[in-house]
Each structure stands twice: as C-alpha cells, then as structure tokens.
Amino acid sequence: MWHSRTGLARQMAEALEKGAWSASHEMGISEDAFSVDMRRAADATVDDVLSSDGYLFCAPENLASASGEMLEFFHRSYYPMFNSSDETSRLIGRPCASS
C-alpha cells in the first residue's frame, strides 16, 4: 500500500514490489503461488488487508508522522482488524514492513 503526492514514494513502492518479486524468485516460490497487489492507500479496503498474507506500506513522512492519506487508511480500518469477541488482532503472524 502506498501514498505519494510528488511521485517519489510511489517510485519507492514500485521498487518494493520489484524487490518482493525478486525475493520470491530467490526463495523458489512459483509465480502461481505469489502475487503482489499494489494499492493506493485511498483505494485500499479492510477486505484487501484481511485477504493478504503480508504487507509493505510506503508513504512520505510529514512532521514526524505518516502522510494524511496513509493515516486516514489506518484510522478507518483500525477497529475492523480486531475480533469483536475477544479484541485480538486478526493480523497476528503476518509479516509487514514500512518505508
């Protein structure tokens, strides 16, 4: 998932996508068993996150915080990421990284 106003963070997100594909090839993962779905933060949904096995987040830093569009995604999707019965995260154990 990415957000960029100037295009620089999008370029970084595209480089992360290439790196993910390269790493999957080095690990011997077949292309049928691996996919990368680049989503702009404004277009990403809770279902996109819950249906993914791992995450890469890329956005500029503004005043020591993530960009507004990325924060808006995190704010609107935060509570649906928890089980309502016991309030545990539905994302436990999934790898993630940010840049």
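Trainee: Is L63 buried or exposed?
Mentor: L63 counts as exposed, because its relative accessibility is 88%. Please keep in mind that this is a predicted model.

Trainee: Where is L63 found?
Mentor: L63 sits in the loop that joins strand 2 (61–62) to strand 3.

Trainee: And what phi does L63 have?
Mentor: L63 has a positive phi of about 55°, although it is not a glycine. Most residues other than glycine have a negative phi.

Trainee: Which phi does E87 have?
Mentor: The phi of E87 is positive, at about 60°, and E87 is not a glycine. E87 belongs to the loop between helix 3 and strand 4 (96–98). With 64% relative accessibility, E87 counts as exposed.

Trainee: Let us turn to the cysteines. How many disulfides does the structure hold?
Mentor: The structure holds 0 disulfides. C58 is in no disulfide, and the nearest cysteine sulfur, that of C96, is 14 Å away.

Trainee: Is C58 buried or exposed?
Mentor: C58 is buried, with a relative accessible area of 1%. C96, in contrast, counts as exposed at 57% relative accessibility.

Trainee: How far apart are K18 and C96 in space?
Mentor: K18 and C96 are 16 Å apart, C-alpha to C-alpha, and 78 residues apart in sequence. K18 is part of helix 1, and its relative accessibility of 64% makes it count as exposed.

Trainee: Now the interior. Where does S67 lie?
Mentor: S67 lies in the loop between strand 3 (65–66) and helix 3 (68–77). S67 is buried, with a relative accessible area of 1%.

Trainee: With which side chain does the side chain of S67 make a polar contact?
Mentor: The partner is the side chain of H3, at 2.7 Å. Leaving aside residues up to four places away in sequence, S67 touches H3, A59, P60 and N62.

Trainee: Which residues of helix 3 are buried?
Mentor: In helix 3, the residues E69, M70, F73 and S77 are buried. They are on the same side of helix 3, because they cover an arc of only 105° around the axis.

Trainee: What covers the buried residues of helix 3?
Mentor: The cover includes helix 2 (46–50), strand 1 (55–57) and strand 3.

Trainee: One last topic, the pockets. What volume does the largest pocket have?
Mentor: Its volume is about 740 Å³. The largest pocket is lined by 24 residues, and S35, V36, D37, S52 and G54 lie nearest its centre.

Trainee: Which element gives the most to the lining of the largest pocket?
Mentor: Helix 1 gives the most, with 4 residues. Helix 1 (8–26), helix 2 and strand 1 each supply at least two residues of that lining.

Technical notes
Residues numbered from 1 in each chain as written. Predicted model: local features only at pLDDT ≥ 70, side-chain atom pairs only at ≥ 80, totals over all residues. Heavy atoms only, no water. Buried < 20%, exposed > 50% of the residue type's maximum accessible area, 1.4 Å probe, protein only. Polar contact = N/O pair within 3.5 Å; in protein donor to acceptor, adjacent residues only side chain to side chain. Contact = heavy atoms within 4.5 Å. Disulfide = S-S within 2.5 Å. Arc of directions from axis to C-beta. 1 Å grid on protein atoms, 1.4 Å probe; cavity = no way out; pocket = protein on both sides within 12 Å on 5 of 7 lines; lining within 4 Å. Points joined across faces, edges and corners; volume = space filled by probe spheres on them.
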